[in-house]
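Trainee: I would like to check some structural labels against their cut-offs. Can we go through them one by one?

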Amino acid sequence: MTTPKQHRAQLWHSSGQCRTQCRTCDWAGAWQPSEAAAREEHRQHRRALGENVPPRAPSQAERLRAAEAAVERVRRLHTPAASHPVMAFITDQDEHCPTCTRDALAPVASPCPTLRALDGALPNSDYPTVQEAR
Ligand SMILES: [Zn+2]
Ligand SMILES: [Zn+2]
């Protein structure tokens with residue numbers, strides 16, 4: 001049994017773009033906006049030739065961006081909404097959380113526990129921390 005040849009990339013940079021050229025065969029990638037994109041294209045070339053190429057682990061910066069985007073999606077779900085006048089009259093609440101509120105006559109006040117949990121972990125936040133909101 002022979003070990004499949006590992007195709008290794010040669011990187012080329014030009015005016016902010018990057019491309020890979022295979023050192024093992026005559027394959028060459030297209031110009032890509034980033035080195036990461038060029039490397040990914042070469043990884044796909046290796047997979048196409050039957051190499052078992054493990055997926056690249058995301059960088060710390062990519063994981064941070066993904067985490068911030070997830071927090072933003074949750075925050076958008078729990079953005080305070082103006083309470084209906086009848087609701088405000090019954091419960092004395094001008095704003096409520098539309099996602100946490102299940103019963104219109106028992107609105108969940110804003111910031112809701114989810115928002116407070118998100119903001120409790122952030123120092124220097126404009127929102128009250130969990131402790132301050134109590
Ligand atoms: Zn190759
Ligand atoms: Zn909520």
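Predicted model: local features only at pLDDT ≥ 70, side-chain atom pairs only at ≥ 80, totals over all residues.

Mentor: The protein has 5 helices and 4 strands. From the N terminus, the order is β-β-α-α-β-α-β-α-α.

Trainee: How do you know that β1 and β2 pair?

Mentor: Count bridges. Pairing needs at least two. Strand β1, residues 9–14, and strand β2, residues 17–22, share 6 bridges, so they pair. The sense is antiparallel.

Trainee: Which residues in β2 are the bridge partners of Leu11 and His13?

Mentor: Leu11 has Thr20 as its partner. His13 has Cys18.

Trainee: What makes Ser15 stand out in the hairpin of β1 and β2?

Mentor: Its phi. Ser15 has a positive phi of about 35°, although it is not a glycine. Ser15 lies in the loop between β1 and β2. The hairpin has 2 residues between the strands.

Trainee: Is Thr79 buried or exposed, or in between?

Mentor: In between. Buried needs 20 or more, exposed 12 or fewer. Thr79 has 14 other C-beta atoms within 10 Å, so it is partly exposed. Thr79 sits in the loop between α2 and β3, residues 81–82.

Trainee: How many of the 134 residues, as a percentage, count as buried?

Mentor: 13% of the 134 residues count as buried.

Trainee: Why are α2 and α4 called roughly antiparallel?

Mentor: Two packed helices are described by the angle between their axes and the distance between the axes. Helix α2, residues 60–77, and helix α4, residues 113–120, pack at about 150°. Their axes are 9 Å apart. Roughly antiparallel means over 145 degrees. The angle passes that mark, so α2 and α4 are roughly antiparallel to each other. The crossing of α2 and α4 is left-handed.

Trainee: Which residues meet where α2 contacts α4?

Mentor: From α2, Val71, Val74 and Arg75; from α4, Thr114, Leu115 and Leu118. That contact has 4 nonpolar residues, 1 polar and 1 charged. Val and Leu count as nonpolar, and Arg as charged.

Trainee: What is the omega of the bond that joins Ser110 and Pro111?

Mentor: About -5°, and the peptide bond is cis. Pro111 lies in the loop between β4, residues 95–96, and α4.

Trainee: How far apart are Thr79 and Pro111, in sequence and in space?

Mentor: 32 residues apart in sequence, and 8.2 Å from C-alpha to C-alpha.

Trainee: What share of the protein's contacts with a separation of 6 or more comes from residues 24 or more positions apart?

Mentor: Such pairs make up 18% of those contacts.

Key
Residues numbered from 1 in each chain as written. Chains lettered and ligands numbered in written order. Axes fitted to C-alpha atoms, helices over the stretch in contact; angles between N-to-C directions. Parallel < 35°, antiparallel > 145°, perpendicular 65-115°, else oblique. Left-handed = near helix turned anticlockwise from the far one by under 90°. Contact = placed C-beta atoms within 7 Å.
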